[in-house]
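Hi,

Here is the structure I promised to pass on.

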Amino acid sequence: MLPVRLDRTDPRPLGTQLADQVRQLVLDGALARHDRMPATRRLAADLGVSRSVVAQAFDQLLAEGWLEARQGSGTWVADGTTGHRTAPGRRRTPAPERALVMLDAGTPWIDPRHQTVWRRAWREVSAATPPRGYDDSRGLPELRALLAERLGRTRGLAVDADRVRLTGGTAAGLRHLLAVLPTGAVALEDPGYRAAVATVRGSGRLVRDLPALEPVTELAGCVAAYVTPAHQHPLGRVLPAAERLRLLATARRDDALVIEDDYDSEFRYDVAPVPALASLDRARVAYLGTASKAILPSLRLGWAVVPDHLLDAVDAHRALTHDAPPWPVQRALVTLLRDGYVDAVVRSARRVYAERAPRVVAALSPYAELAGPVAGMYSTWLLPHARAVRARAAAERAGFRVNLLRDYCRTARLSGLVVGFGGPTDAELDRALDVLVGALSRL
């Protein structure tokens, strides 16, 4: 019997779960090339599912090239898909894993010319006097003032420093809001930000799927709707003005909070950045921002602008749980903002992305359909799932990690690749594009 387990509480279809696990067994070497697969009828009986579930999984793996059918002798693991299997009774010595170059939607480009400001920020932290006890859970007052100024200047969001709260990132800000909202489901875009989905489910709330390319006209039964209006994650769409107004009207009618994730809105290079949705209705929209795209993901720092009617409850929860970012990191960000580091990095990154985006489009457009406007540090491409899987596998063999669009979907029937261009060097990006083009041109 294959060492697989199907979970009927998992929202993914059973056939998809089986295909994913068999694929991983092949990659791990637990299934070696030329291994014969169990008959579909026997495997279905072992797993307690219908034969059609197993047949669907095998058909998918055959289409992707992981398995091959031999006339009259069943289904086998395809040649060239695995390494050598460890001999029975012997333990494989782990080899150092090769670090993959990330071509994902969240790894930014950081201009090395600004490292002097970064070092100065940490020197100032080391010389500063830390608080004697726990610091203000709302965030450093000086930092909140700097962020309020920047939000007004870059996002059109006029807000007092007293309304800004520092968080441990977007997911942390979402947790703070979920902790004080009434019982109820949360609507999230589909496809959408996977960490937000995991955070909502981790809070014990139901997730309602909002088709990412359709207007929001119904939020009854939901206490909140989590959206990425400036640059839909991962399809890239900008929410049109009419749909912004309709979303706000729907949220007012159904008494739902709109949670705006403004994760990379500053990195527009085709038009000026679209103003924040929260600028249209501060009472109905909670705004979440992050330092991960403009500064560094590992900084784990973000900020929130919370509607007044929720502010006291959020503050009480944060003070009780001590759920606030570390003082040294906040103190460093004060220097980075004060000395113009963040503005300089955003400007230089915007220029780099504006140069790289057309190269990606020129390379991939003959083989896939662009899902939406290219902005920020990634682009999303529509193509059949089997082709996307094979292209991703080719990229991984060459040392690059590219994400599948299907992994961002729950009920949406979309497939393709999400190709980031912020993290690699220019040479690495060119090499990755060559690999993807080579794989797609052979499919």
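You'll find Asp255 in the loop that runs from helix 8 to strand 8 (257–261). Helices here are DSSP runs of H or I with at least four residues, strands are runs of E with at least two, and both are numbered from the N terminus.

Before you go further, a word on the source: this is a predicted model, so local features need pLDDT of at least 70 and side-chain atom pairs count only at pLDDT 80 or more, while totals for chains, interfaces and linings use all residues. Residues are numbered from 1 along each chain as its sequence is written, and side-chain values use heavy atoms, with hydrogens and water left out.

Arg300 is another non-glycine residue with a positive phi, about 55°. Arg300 counts as exposed at 61% relative accessibility, and its loop links strand 9 (285–290) to strand 10 (302–305).

There are also cis peptide bonds to look at. One runs from Asp190 to Pro191, with omega near 0°, and Pro191 belongs to the loop between strand 5 (185–190) and helix 7 (194–202). Another joins His233 and Pro234, where omega is about 15°; Pro234 is in the loop between strand 7 (222–227) and helix 8 (241–253).

Now the chain as a whole. It has 13 helices and 14 strands. Its radius of gyration is 24 Å, close to the 22 Å from the globule rule for 443 residues, so the chain is as compact as a globular protein of that length (the radius is taken over C-alpha atoms, and the rule is 2.2 Å times the number of residues to the power 0.38). Along the principal axes, the C-alpha atoms fill a box of roughly 75 × 50 × 45 Å.

Of the 443 residues, 51% count as buried. Among contacts (heavy atoms within 4.5 Å) with a separation of 6 or more, 72% are between residues 24 or more positions apart.

Lastly, charge: the chain carries 60 positive and 49 negative side chains, and the centres of the two sets lie 5 Å apart. Lys and Arg count as positive, Asp and Glu as negative, with His and the chain ends not counted; each charge is placed at NZ of Lys, CZ of Arg, CG of Asp or CD of Glu.

Cheers

Conventions: Buried < 20%, exposed > 50% of the residue type's maximum accessible area, 1.4 Å probe, protein only.
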